[in-house]
Amino acid sequence: MRATVEENRRRRALAELDRLRRDEPWRLLASEAYLAVRAGAMMPAVEHAVLLAELIAALRWRATRVYDNVRVVVVGAFCEQPPLPLVRALERAGCYVVEDDLQLGLRTIDGEITCSPGEDAVESLARAFLEQGIATATRYVGQARKGAALIERVRATAADGVVFASPSFCDPALLDRPMLEAALDREGIPHTSFKYAENTAQFGVIREQAGAFSDAVKLWGGAT
């Protein structure tokens with residue numbers, strides 16, 4: 001029970017961090033949020049919750065500058081994490097990343113985890129995954145329409161488009177992408193895509209592609 005309570009405290013802090021990114025993306029860049037979230041993979045949940053709370057409190061007073069960037073959702077990082085400079089390249093190309101699927105392990109379950117009387121932490125975690133699991137490349141969606149969850153995320157974050165950033169040779173993400181792209185096309189949501197590897201060191205091409213996408217969305221909108 002105690003482990004579940006501590007984990008829920010962390011999850012509330014993560015949700016608050018996500019709200020800040022969605023509402024004021026200029027106050028907390030995606031590359032900064034990524035580091036703060038990833039730190040949780042090496043810290044107890046209770047310590048991570050404290051770190052996030054202190055960060056959020058400090059960000060409220062941060063002097064910022066608002067840029068005319070497009071708001072994007074980044075998806076596809078299922079098999080491995082992108083290099084941090086890649087995320088920064090997207091930002092420098094004129095993109096506010098208002099949501100992503102990086103650090104998916106901490107975001108696989110939507111919302112807090114409830115623990116029924118007499119139920120241990122593992123049982124409650126398994127039940128939460130079955131009942132509250134988010135859509136991913138390897139999750140069976142049953143009767144749900146493929147891409148519906150992504151479209152909902154785009155609408156909820158008021159995003160202007162989607163960037164598919166998938167690791168090379170990651171079959172789940174790469175096989176999932178055409179179905180997601182088709183769903184976005186039906187809704188007229190702009191999108192672009194590229195592949196990366198953990199040891200990628202040159203990001204000029206990605207920055208140029210993301211910059212062209214950003215400019216196209218600003219000027220014309222529509223699917224790309």
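A pocket, as I use the word here, is an open set of points on a 1 Å grid over the protein atoms alone, with protein on both sides within 12 Å along at least five of seven lines, whereas a cavity is a set of points where a 1.4 Å probe fits but cannot get out, and lining residues have an atom within 4 Å of a point.

**Entry 1: ground rules.** I noted that this is a predicted model, in which local features need pLDDT of at least 70 and side-chain atom pairs count only at pLDDT 80 or more, while totals for chains, interfaces and linings use all residues. Residues are numbered from 1 along each chain as its sequence is written, and side-chain values use heavy atoms, with hydrogens and water left out.

**Entry 2: the second largest pocket.** I looked up its lining and found 16 residues, of which Trp 26, Leu 29, Tyr 67, Glu 91 and Tyr 96 lie nearest the centre. The space in this second largest pocket is about 240 Å³, a volume being the space filled by probe spheres set on the points, which are joined across faces, edges and corners. Helix 4 and strand 2 each supply at least two residues of this lining, and helix 4 gives the most, with 3 residues; helices (H or I, at least four residues) and strands (E, at least two) are DSSP runs numbered from the N terminus. By class I read 7 nonpolar, 2 polar and 7 charged residues in the lining of the second largest pocket, where Ala, Val, Leu, Ile, Met, Phe, Trp, Tyr, Cys and Pro count as nonpolar, Asp, Glu, Lys and Arg as charged, and the others, Gly among them, as polar.

**Entry 3: the largest pocket.** Which residues lie nearest the centre of the largest pocket? I found Glu 99, Arg 107, Asp 110, Ile 134 and Arg 153 there, out of a lining of 46 residues, and the space amounts to about 1,300 Å³. Helix 1, strand 2, helix 6 and helix 7 (171-187) each supply at least two lining residues, with helix 1 giving the most, 8 residues. The lining of the largest pocket divides into 21 nonpolar, 7 polar and 18 charged residues.

**Entry 4: the cavities.** I counted by the same rule and got 3 cavities of 30 Å³ or more. The largest cavity has a volume of about 90 Å³ and a lining of 14 residues, with Val 74, Pro 82, Val 87, Leu 90 and Leu 102 nearest its centre. Strand 1 (70-75), helix 4 (84-92) and strand 2 (95-100) each bring at least two residues to this lining, and the largest share, 3 residues, is from helix 4. In the lining of the largest cavity, 11 residues are nonpolar, 1 is polar and 2 are charged. For the second largest cavity I noted a volume of about 50 Å³ and a lining that includes Arg 21, Tyr 34, Asp 100 and Arg 107. Helix 2 (residues 30-38) contributes the largest share of that lining, 4 residues.

Entry 5: I traced 4 strands in an open sheet, in the order 2-1-3-4 and with parallel pairing, where two strands pair if DSSP finds at least two bridges between them. Strand 2 and strand 4 (191-196) stand at the edges with a single partner strand each, so one side of each has no neighbour in the sheet. Neighbouring strands are turned by 30° against each other on average, direction ignored; axes are lines fitted to C-alpha atoms, for helices over the stretch in contact, and angles run from 0 to 180 degrees between N-to-C directions. Between strand 1 and strand 2 I found 5 bridges, and Val 74 has Asp 100 as its bridge partner in strand 2. Helix 1 (residues 2-23) lies across strand 1 and strand 2, at about 150° to strand 2.

**Entry 6: burial.** Is strand 2 enclosed or left open by the rest of the structure? Strand 2 is largely enclosed, because 5 of its 6 residues are buried, which is to say under 20% relative accessible area, with exposed over 50% and partly exposed in between (1.4 Å probe, protein chains only). In helix 4 the buried residues are Leu 84, Leu 86, Val 87, Ala 89, Leu 90 and Glu 91. Their cover includes helix 2, strand 1, strand 2, strand 4 and helix 8 (204-219), judged by contact, meaning heavy atoms within 4.5 Å. Just after helix 4, I saw that Gly 94 takes a positive phi of about 100°.
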